[in-house]
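This report is meant for someone looking at this structure for the very first time. Please keep the sequence and the view open while reading.

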Amino acid sequence: MELADSLIDDFDVIEFLQGLSARCVELLEISAAGIMLGDEHGELHTIAASDENTHLLELFAIQHDQGPCVDTFRGGGQRTNIDLTDPEATAAFPHFAQQARRNGFAVTHALPLRLRTRMVGALNLFHTESGSLTPENIALAQALADIATIAVLQQRTLEQTYIERDQLQAALTSRIVIEQAKGILAERWNTSLDDAFDRFRSYARNNGLRMSDLARQIIDKGTQHSALS
Amino acid sequence: MLSEQAAKVLGELRAGNRTDEQLAEICADLLNADGLAVSLVLDMGHTELVWCHGTASAQFEDLQFTLGEGPGPDALASGHPVRVPDLAEVRPGRWPALLGALDGLPVRAVFAFPLGLGAIQVGVLTVVRNGPRALSAQETDDATALARLLTARFLGGGQGSNPQVLHRAVVHQATGMVSVQLDRPLAEALMRLRAYAYAHGRPITEVAQDVVARRLRFNDDETGPDVPVGDRG
């Protein structure tokens with residue numbers, strides 16, 4: 001089992017990801033699953049698999065330059081229900097498809113391990129029988145990939161996460177300042193919150209202002225704001 | 001590792017066909033909890049309640065918000081889960097104001113799981129039970145997975161990362177009104193609302209509703225602060 005030690009240094013997490021891979025197989029009723037992580041050069045390494053079958057591990061290993069995980073990792077999107085017997089569907093990775101078929105697999109899926117724009121790796125699923133994953137199972141597979149993403153990122157030092165959290169905070173704060181501005185205007189005008197909000201919204205629209213920006217102006221300038229005083 | 005039921009819930013969470021309210025409820029059911037809440041960190045230790053199932057859970061979150069102490073704030077500060085299978089067994093000095101304010105609230109067990117990456121805390125998932133019951137190992141695994149998926153959801157920037165409802169909208173509206181009444185900044189107005197709620201042993205959302213309905217005004221005049229409108233001559 002190749003363990004990309006530099007990618008992750010906490011054995012508990014690797015064990016967790018192995019357990020998660022095995023659970024993927026049970027929950028999605030598929031044949032095999034593996035998790036690959038990208039290194040700083042953008043190359044994928046196998047970090048966990050549902051079983052330690054050598055052929056399966058080789059199948060992951062050859063995806064350093066081609067395969068659905070590579071596509072997902074570079075493009076960021078899901079690649080689901082890839083028919084391994086269809087030359088068109090596998091045109092980008094013929095060698096991988098051939099190896100997969102030799103292992104008895106008929107269908108493969110790759111789901112991104114991604115947080116916003118940050119690509120962490122990919123979850124790779126295989127099934128020996130042809131057929132598609134249901135939308136519900138794709139949602140579940142992506143949920144499991146998300147959990148793996150967070151488990152991996154929780155072990156890393158992350159400056160970028162500040163930015164991500166700031167975006168979340170900004171979205172929430174925008175909504176909070178609008179509520180506060182409603183209260184300020186309702187009190188100032190001695191009117192209802194709904195009426196205050198209607199006038200606030202019309203003013204924002206008529207002046208091409210975003211409501212959250214206008215709300216901040218009202219809060220910052222207090223009673224001095226000319227148009228809405 | 002994940003239970004079958006948890007997998008189903010996580011799939012629902014990812015699929016995006018349900019409201020936040022429904023999701024909070026199915027998550028509470030999954031964990032055999034009577035209430036469940038998610039609060040996100042704003043800044044300077046302030047949190048915003050974005051997911052809630054159960055009135056007792058909402059009131060418990062309000063208390064933690066008003067008093068600034070409890071399992072949720074501790075989980076956020078430490079980055080580790082805080083598990084309290086029986087609040088009656090907690091030494092009084094741990095959360096003196098909170099434990100003193102729980103009278104009559106049907107919350108006996110509390111489990112707070114931080115949402116975050118490394119040292120960075122995004123929010124906290126708080127699960128409550130009305131009886132003294134610990135989480136089983138399976139429930140703990142499921143709650144941990146849920147906390148991770150919620151972290152991905154709220155940090156992910158995609159559908160669902162912006163919560164549907166601000167549960168404390170009324171508190172923010174009241175804060176705006178009180179800031180005008182007192183001619184003071186919003187932060188101070190919020191502090192006054194919290195202090196009033198604490199002093200009168202009432203949930204802050206209830207006090208805020210009184211302000212918004214103009215049953216309660218905050219004035220620093222000779223008649224003293226906090227004079228209800230109806231009581232004025």
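This is a predicted model: local features need pLDDT of at least 70, side-chain atom pairs count only at pLDDT 80 or more; totals for chains, interfaces and linings use all residues.

## Domains of chain A

Chain A is divided into two parts, with domain 1 covering residues 11-157 and domain 2 covering residues 161-224. Taken over C-alpha atoms, the centres of domain 1 of chain A and domain 2 of chain A are separated by 45 Å.

## The sheet and its helix

Chain A contains an open sheet of five strands, which follow the order β2-β1-β5-β4-β3 and pair in antiparallel fashion. Its edge strands, each pairing on one side only, are β2 (44-49) and β3 (79-83) of chain A. On average, and with direction ignored, neighbouring strands of this sheet are turned by 25 degrees against each other.

Within chain A, strand β1 (residues 32-38) and strand β5 (residues 118-127) run antiparallel and are joined by six bridges; in β5(A), A:Leu123 is the bridge partner of A:Ile35. Helix α5 (residues 135-153) of chain A packs on the sheet, where it touches β1, β3, β4 (107-115) and β5 of chain A, and its direction makes about 45 degrees with that of β4(A).

## Where chain A meets chain B

In the contact between the two chains, 43 residues of chain A are in contact with 40 residues of chain B. On the side of chain A that touches chain B, at least two residues are supplied by each of α1 (11-28), α5 and α6 (160-189) of chain A, and the largest share, 21 residues, comes from α6(A).

Methods
Residues are numbered from 1 along each chain as its sequence is written. Chains are lettered from A and ligands numbered from 1 in the order in which they are written. Domain bounds come from an automatic or database domain assignment. Two strands pair if DSSP finds at least two bridges between them. Helices (H or I, at least four residues) and strands (E, at least two) are DSSP runs, numbered from the N terminus. Axes are lines fitted to C-alpha atoms, for helices over the stretch in contact, and angles run from 0 to 180 degrees between N-to-C directions. Two residues are in contact if their C-beta atoms, placed from the backbone, lie within 7 Å.
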